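These are my notebook entries on a single protein chain.

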Amino acid sequence: MILEIAEIQIPPGQQAAFEAAIAHGIKTVIAQAQGFMSASVQHGLESPERYILQIEWASLEDHTVHFRGGPLFPAWRAIVGPFFAQPPRVEHFERVI
(Lines give C-alpha, C1' and ligand atoms only; values in the text may rest on other atoms or scores of the structure.)
Protein backbone atom coordinates (compact mmCIF):
# COMPACT_ATOMS: atom_id res chain seq x y z
CA MET A 1 0.00 0.00 0.00
CA ILE A 2 1.20 3.50 -0.91
CA LEU A 3 -0.04 6.67 0.77
CA GLU A 4 -0.32 9.76 -1.40
CA ILE A 5 -0.35 13.02 0.53
CA ALA A 6 -1.33 16.18 -1.33
CA GLU A 7 -1.09 19.56 0.37
CA ILE A 8 -3.67 21.87 -1.20
CA GLN A 9 -3.94 25.63 -0.74
CA ILE A 10 -7.17 27.33 -1.83
CA PRO A 11 -8.18 31.01 -2.00
CA PRO A 12 -9.77 32.54 1.12
CA GLY A 13 -13.51 32.13 1.47
CA GLN A 14 -13.77 29.07 -0.82
CA GLN A 15 -13.80 26.38 1.89
CA ALA A 16 -17.43 25.27 1.58
CA ALA A 17 -17.35 25.12 -2.21
CA PHE A 18 -13.99 23.32 -2.25
CA GLU A 19 -15.09 20.76 0.34
CA ALA A 20 -18.20 19.98 -1.72
CA ALA A 21 -16.12 19.71 -4.90
CA ILE A 22 -13.43 17.46 -3.44
CA ALA A 23 -16.02 15.16 -1.86
CA HIS A 24 -17.77 14.92 -5.24
CA GLY A 25 -14.48 14.28 -7.04
CA ILE A 26 -13.46 11.51 -4.67
CA LYS A 27 -16.83 9.76 -4.90
CA THR A 28 -17.33 10.09 -8.65
CA VAL A 29 -13.80 9.99 -10.08
CA ILE A 30 -11.05 8.85 -7.68
CA ALA A 31 -13.12 5.94 -6.36
CA GLN A 32 -13.23 4.51 -9.92
CA ALA A 33 -9.45 4.46 -10.27
CA GLN A 34 -7.48 1.23 -10.47
CA GLY A 35 -5.85 0.49 -7.13
CA PHE A 36 -7.82 3.09 -5.16
CA MET A 37 -8.27 1.94 -1.56
CA SER A 38 -9.44 4.92 0.53
CA ALA A 39 -9.30 8.69 0.80
CA SER A 40 -9.60 11.33 3.50
CA VAL A 41 -9.35 15.10 3.63
CA GLN A 42 -8.21 17.21 6.58
CA HIS A 43 -8.70 20.94 6.99
CA GLY A 44 -6.16 23.23 8.64
CA LEU A 45 -7.24 24.90 11.86
CA GLU A 46 -4.54 27.55 11.98
CA SER A 47 -4.55 27.93 8.18
CA PRO A 48 -8.18 27.52 7.04
CA GLU A 49 -7.25 27.61 3.35
CA ARG A 50 -4.91 24.62 3.74
CA TYR A 51 -6.05 21.04 3.18
CA ILE A 52 -4.35 17.66 3.27
CA LEU A 53 -5.70 15.00 0.93
CA GLN A 54 -4.63 11.44 1.76
CA ILE A 55 -5.26 8.63 -0.71
CA GLU A 56 -4.25 5.02 -0.22
CA TRP A 57 -3.30 3.23 -3.43
CA ALA A 58 -2.50 -0.45 -3.92
CA SER A 59 0.75 0.53 -5.67
CA LEU A 60 2.70 3.62 -6.68
CA GLU A 61 2.01 2.87 -10.33
CA ASP A 62 -1.75 2.85 -9.68
CA HIS A 63 -1.42 6.54 -8.89
CA THR A 64 1.47 7.74 -11.03
CA VAL A 65 0.87 5.67 -14.18
CA HIS A 66 -2.72 4.42 -14.29
CA PHE A 67 -4.53 7.35 -12.66
CA ARG A 68 -2.37 10.33 -13.61
CA GLY A 69 -1.75 8.97 -17.09
CA GLY A 70 -5.32 7.86 -17.72
CA PRO A 71 -8.64 9.49 -18.55
CA LEU A 72 -9.77 9.96 -14.95
CA PHE A 73 -7.08 12.52 -14.08
CA PRO A 74 -8.41 15.31 -16.35
CA ALA A 75 -11.91 14.73 -14.93
CA TRP A 76 -10.51 15.02 -11.38
CA ARG A 77 -8.60 18.21 -12.17
CA ALA A 78 -11.67 19.74 -13.80
CA ILE A 79 -13.54 19.33 -10.51
CA VAL A 80 -10.90 20.42 -7.98
CA GLY A 81 -8.32 22.30 -10.06
CA PRO A 82 -10.26 25.59 -10.21
CA PHE A 83 -9.87 25.88 -6.42
CA PHE A 84 -6.07 25.57 -6.33
CA ALA A 85 -4.34 28.79 -5.27
CA GLN A 86 -1.08 27.11 -6.34
CA PRO A 87 -0.15 23.66 -7.61
CA PRO A 88 -0.59 21.03 -4.86
CA ARG A 89 2.50 19.51 -3.29
CA VAL A 90 2.24 15.74 -3.69
CA GLU A 91 4.43 13.06 -2.09
CA HIS A 92 4.17 9.30 -1.65
CA PHE A 93 4.87 7.27 1.46
CA GLU A 94 5.05 3.63 2.41
CA ARG A 95 4.50 2.12 5.83
CA VAL A 96 7.60 1.06 7.76
CA ILE A 97 6.00 -0.02 11.04
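Which exposed residues does the face of α3 turned away from its buried side carry? I found Pro74 and Ala78 there; exposed means over 50% relative accessible area, buried under 20%, and partly exposed in between (1.4 Å probe, protein chains only).

Before going on, I record that this is a predicted model, in which local features need pLDDT of at least 70 and side-chain atom pairs count only at pLDDT 80 or more, while totals for chains, interfaces and linings use all residues. Residues are numbered from 1 along each chain as its sequence is written, and side-chain values use heavy atoms, with hydrogens and water left out.

**Entry: helix α3.** I then turned to the buried side of α3 (residues 72-80), where Phe73, Trp76 and Val80 are buried. These residues cover an arc of only 60° around the axis, so they lie on the same side of α3; the arc is that of the directions from the helix axis to the C-beta atoms. Helices (H or I, at least four residues) and strands (E, at least two) are DSSP runs, numbered from the N terminus. I looked up what covers the buried residues of α3, and the cover includes α1 (15-28), β3 and α2 (60-67), with contact meaning heavy atoms within 4.5 Å.

**Entry: strand β3.** I checked the side chains along β3 and found that they alternate.

I next listed the partners of β3, counting two strands as paired if DSSP finds at least two bridges between them. β1 pairs with β3 in the antiparallel sense over eight bridges, and Ala6 has Leu53 as its bridge partner in β3. β2 (residues 36-43) is also antiparallel to β3, with seven bridges; His43 has Tyr51 as its partner there. A hairpin of six residues joins β2 to β3.

**Entry: salt bridges.** Arg50 and Glu7 form one of them, at 2.9 Å from N to O. This pair links strand β3 (residues 50-57) to strand β1 (residues 2-9), with the two residues 43 apart. Arg50 is partly exposed at 35%, and Glu7 is partly exposed at 27%.

Glu91 and Arg89 also form a salt bridge, at 2.5 Å from N to O. I noted Glu91 as partly exposed at 30% and Arg89 as exposed at 53%.

Note on methods: A salt bridge is a side-chain nitrogen of Lys or Arg within 4 Å of a carboxyl oxygen of Asp or Glu.
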